Amino acid sequence: MVGVILGLVVGAGVILLVMGLGKRFARVAVPGLVDLPGGAWMVGGGLGVVTVLGVAGWLRCASGASDGTRMARGLHAVGTAVCCAAAFGPFFLLLSGLPGRNCRSESCAYIPGTGSALLAYVLSAGLVGWSVHRWTSARAAERAVLERERVRRLRKKGKGRSRAARQG
């Protein structure tokens with residue numbers, strides 16, 4: 001029982017440490033990103049595309065379980081973790097540039113340009129995600145039509161029926 005409680009306390013401490021370091025990193029990185037050529041809108045749009053690519057990679061990695069060696073399973077897990085970080089990281093990076101709630105110190109003040117970068121992020125992630133969804137849905141529908149056509153041709157030749165139906 002003591003081991004479980006100690007594990008929970010240490011785990012919570014590690015999670016809080018990682019979240020605090022992530023927020024500190026974002027507080028340093030966001031002003032530099034917003035000052036890049038193209039400004040906050042370009043940064044938000046680029047991070048939105050990174051999120052969509054991360055989600056696509058994450059879904060691809062998570063759907064296929066690796067049945068290979070221990071090394072292959074480890075690389076598969078690392079790839080899934082990287083895609084998950086690419087999916088959620090940009091959102092939390094931009095979100096940490098917004099003003100902190102109930103905080104009056106300089107460490108949680110608003111970083112200029114973060115709001116417009118977040119708006120551009122949401123718009124680009126939504127539009128690119130919607131277009132990727134439409135494209136993959138159209139490809140799936142096309143594959144279904146081709147499969148139905150293939151089955152129809154086989155049935156027309158008599159190969160899609162049972163043996164009793166072909167003879168009788």
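## Terms and the largest pocket

A pocket, as the word is used here, is an open set of grid points where a 1.4 Å probe fits, with protein on both sides within 12 Å along at least five of seven lines, and its lining residues are those that have an atom within 4 Å of a point. The structure described here is a predicted model, and the pockets are therefore features of that model, found on a grid over the protein atoms alone. Rolling a probe the size of a water molecule over the atoms shows where empty space is left.

The largest pocket has a volume of about 300 Å³, and its lining consists of V18, M19, G22, K23, A26, G89, F92, L93, L95 and S96. Two elements, α1 (2–34) and α3 (70–95), each give two or more residues to this lining, and of the contributors it is α1 that gives the most, with 5 residues. By residue class, the lining of the largest pocket divides into 6 nonpolar, 3 polar and 1 charged.

## S96 at the largest pocket

Among the residues that line the largest pocket is S96, which is placed in the loop between α3 and α4. With a relative accessibility of 8%, S96 counts as buried, because that value falls under the 20% cut-off.

The side chain of S96 reaches the backbone oxygen of L93 at 2.8 Å, and L93 is itself one of the residues in the lining of the largest pocket.

In terms of residue class, the lining of the second largest pocket is made up of 4 nonpolar, 1 polar and 3 charged residues.

Side chains of opposite charge can pair when their charged atoms come close. In this model the count comes to 2 salt bridges. One of them joins R150 to E147, with the closest N and O atoms 2.7 Å apart; R150 and E147 lie 3 residues apart in helix α4, so that about one helical turn separates them. Both partners are partly exposed, R150 with a relative accessible area of 39% and E147 with one of 38%.

The other salt bridge brings together the side chains of R152 and E149, at 2.5 Å from N to O. R152 and E149 likewise lie in helix α4, where they are 3 residues apart, about one turn of the helix. R152 is partly exposed, its relative accessible area being 44%, and E149 is also partly exposed, at 32%.

## Two further sites in helix α4

S124 is placed in helix α4, and with a relative accessible area of 14% it is buried. The side chain of S124 reaches the backbone oxygen of G45 at 3.2 Å. Not counting residues up to four places away in sequence, S124 touches G44, G45, G48, V49 and G129, so that G45 is both a contact of S124 and the residue whose backbone oxygen its side chain reaches.

L146 is also placed in helix α4, but whereas S124 is buried, L146 counts as exposed, with a relative accessibility of 54%. From C-alpha to C-alpha, L146 and T69 are 36 Å apart in space, and they are 77 residues apart in sequence.

## A glycine in helix α3

G79 is found in helix α3, one of the elements that give two or more residues to the lining of the largest pocket.

Terms used. Residues are numbered from 1 along each chain as its sequence is written. This is a predicted model: local features need pLDDT of at least 70, side-chain atom pairs count only at pLDDT 80 or more; totals for chains, interfaces and linings use all residues. Side-chain values use heavy atoms; hydrogens and water are left out. On a 1 Å grid over the protein atoms alone, a cavity is a set of points where a 1.4 Å probe fits but cannot get out, and a pocket is an open set with protein on both sides within 12 Å along at least five of seven lines; lining residues have an atom within 4 Å of a point. Grid points are joined across faces, edges and corners, and a volume is the space filled by probe spheres set on the points. Helices (H or I, at least four residues) and strands (E, at least two) are DSSP runs, numbered from the N terminus. Ala, Val, Leu, Ile, Met, Phe, Trp, Tyr, Cys and Pro count as nonpolar, Asp, Glu, Lys and Arg as charged, and the others, Gly among them, as polar. A salt bridge is a side-chain nitrogen of Lys or Arg within 4 Å of a carboxyl oxygen of Asp or Glu. Buried means under 20% relative accessible area, exposed over 50%, partly exposed in between (1.4 Å probe, protein chains only). A polar contact is a pair of N or O atoms within 3.5 Å; within protein, one must be able to donate a hydrogen and the other to accept it, and residues adjacent in sequence count only if both atoms are side-chain atoms. Contact means heavy atoms within 4.5 Å.
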